[in-house]
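Work through the exercises below with the model open. Each task is followed by a solution in steps.

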Amino acid sequence: MKIERIQTIVTCPGRNFVTVKVMTDQGVYGLGDATLNGRELAVSAYLDAHVIPCLIGRDPRCIEDIWQYLYRGAYWRRGPVTMTAIAAIDMALWDILGKLANMPVYQLLGGKSRQRLLVYGHANGRDHEEAVDAVHRHIAEGFKAIRVQSGVPGLSKVYGVGKQPGHYEPAEKGLPPEEPWDTALYLRHTPELFRKVRDAIGFEPHLLHDAHHRLTPIEAARLGKALEPFSLFWLEDATPAEDQDAFRLIRQHTTTPLAVGEVFNSIWDCKDLIGNQLIDFIRTTIVHAGGITHVRRIADFAAMHQVRTGFHGATDLSPVCMAAAVNFGLWAPNFGIQELMPHNALTDEVFPHNYRFEDGYLVMDEVPGLGVEIDEALAARYPYERAYLPVARLRDGSMWNW
Ligand code: KDG
Ligand code: MG
């Protein structure tokens with residue numbers, strides 16, 4: 001059995017997605033997500049110019065060997081572009097293997113550890129009152145875990161808060177918009193937000209919050225401590241994690257559980273965080289951290305240290321990645337929670353999929369492979385549109401972490 005052709009498909013049904021389709025000489029094909037938000041064309045160019053030509057004629061069932069070939073064989077290891085490209089090929093090969101075996105990918109990984117995956121949705125509002133309303137709406141929709149973000153008085157835009165009430169989309173069409181940031185205002189405002197939410201709903205469901213890399217370690221420690229009375233499921237991306245040791249300081253000051261890792265692309269980015277139990281949830285995704293083959297290594301290592309998974313699931317992770325995440329989560333013994341930010345209706349039409357939301361959980365049927373498709377004719381009607389994530393600046397004009 002041989003890989004005959006690999007196609008890279010770029011489409012924008014409301015936002016950009018990059019997908020690979022690996023076709024074999026026996027008619028079976030597999031899909032992989034290769035979307036890197038704001039840098040989509042770098043990955044498609046890397047795939048087209050440097051990865052795909054090397055794979056034609058290889059046996060698609062040699063998933064591990066192809067992973068090692070792409071990782072070791074490039075000489076230049078790691079990095080988001082490379083690891084996203086490897087992830088896309090890896091996902092597609094698992095999809096092919098599942099179709100050949102006539103089994104879902106979760107069966108190939110070792111079978112189900114659970115029947116359904118706990119998910120968290122996004123409640124956000126331009127102020128506390130809107131955020132509380134959004135929490136009530138999510139509870140009515142069945143969510144058992146809800147991330148809460150609110151606008152901050154004095155800041156014109158804040159991460160996680162849409163222009164209109166409703167779903168939030170981080171990337172914006174055109175060149176990167178600039179947003180002001182002020183940590184002092186945010187720190188003053190956020191514990192009050194959670195006090196109001198808990199006053200309104202009590203101690204169920206779970207609540208989560210994303211600080212989106214904005215804080216220094218000591219500021220993060222202060223926020224974690226201030227949020228303790230509200231019993232968060234997690235505080236996410238409290239500080240940038242290039243310096244894994246920075247989490248030691250946060251840990252020493254607060255018992256609020258910590259989640260990190262949506263920007264990580266390899267086990268080396270989280271080795272110390274996990275090995276030293278400095279975090280509680282690892283958020284690496286299948287698309288940005290080398291595919292199922294590599295994320296399985298991260299999850300197994302995390303399991304040894306009582307760290308659970310809490311994979312990134314924003315709208316820039318296509319339904320192909322979400323299908324892979326559902327298969328993975330059904331298997332992973334140390335699954336914790338899955339982020340779920342619903343795609344728009346057009347995206348769901350371009351990528352028909354088998355997973356679905358039911359009463360606060362994600363479920364899927366026993367279908368071969370990943371359980372996701374692409375409607376290529378529909379995808380072709382929506383070509384790439386330049387879009388970027390915003391950038392942040394402090395009041396004095398210095399660049400900050402968005
Ligand atoms: O591409 C970046 C977004 O996916 C990110 O900003 C969303 O932080 C995010 C989250 O937790 O979903
Ligand atoms: Mg995040």
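Metal donors are N, O and S atoms within 2.8 Å of the metal (3.2 Å for Na, K and Ca); water is not among the atoms, so sites may look incomplete. This is a predicted model, in which local features need pLDDT of at least 70 and side-chain atom pairs count only at pLDDT 80 or more, while totals for chains, interfaces and linings use all residues. Residues are numbered from 1 along each chain as its sequence is written, chains are lettered from A and ligands numbered from 1 in the order in which they are written, and side-chain values use heavy atoms, with hydrogens and water left out.

**Exercise 1.** Find the protein donors of the magnesium ion (ligand 2) and state how the donor residues are spaced in sequence.

Step 1. Asp210 (OD), Glu236 (OE) and Glu262 (OE) are the protein donors, 1.9 to 2.2 Å from the ion.
Step 2. The spacing of these donor residues is D-x25-E-x25-E.
Step 3. Glu236 belongs to strand 9 (residues 234–236), and Glu262 to the loop between strand 10 (258–260) and helix 9 (271–275); the pair, 26 residues apart, links distant parts of the chain. Helices (H or I, at least four residues) and strands (E, at least two) are DSSP runs, numbered from the N terminus.
Step 4. Glu236 and Glu262 are both buried. Buried means under 20% relative accessible area, exposed over 50%, and partly exposed in between (1.4 Å probe, protein chains only).

**Exercise 2.** Identify the polar side-chain atoms that lie by oxygen atoms of ligand 1.

Step 1. A polar contact is a pair of N or O atoms within 3.5 Å; within protein, one must be able to donate a hydrogen and the other to accept it, and residues adjacent in sequence count only if both atoms are side-chain atoms.
Step 2. For Glu339 the distance from a side-chain N or O atom to a ligand 1 oxygen is 2.5 Å; for Asn37 it is 2.9 Å; for Arg147 it is 3.3 Å.
Step 3. The protein covers 93% of the 330 Å² of accessible area that ligand 1 has on its own, by the Shrake-Rupley method with a 1.4 Å probe; for residues, only the protein chains shown count as cover.
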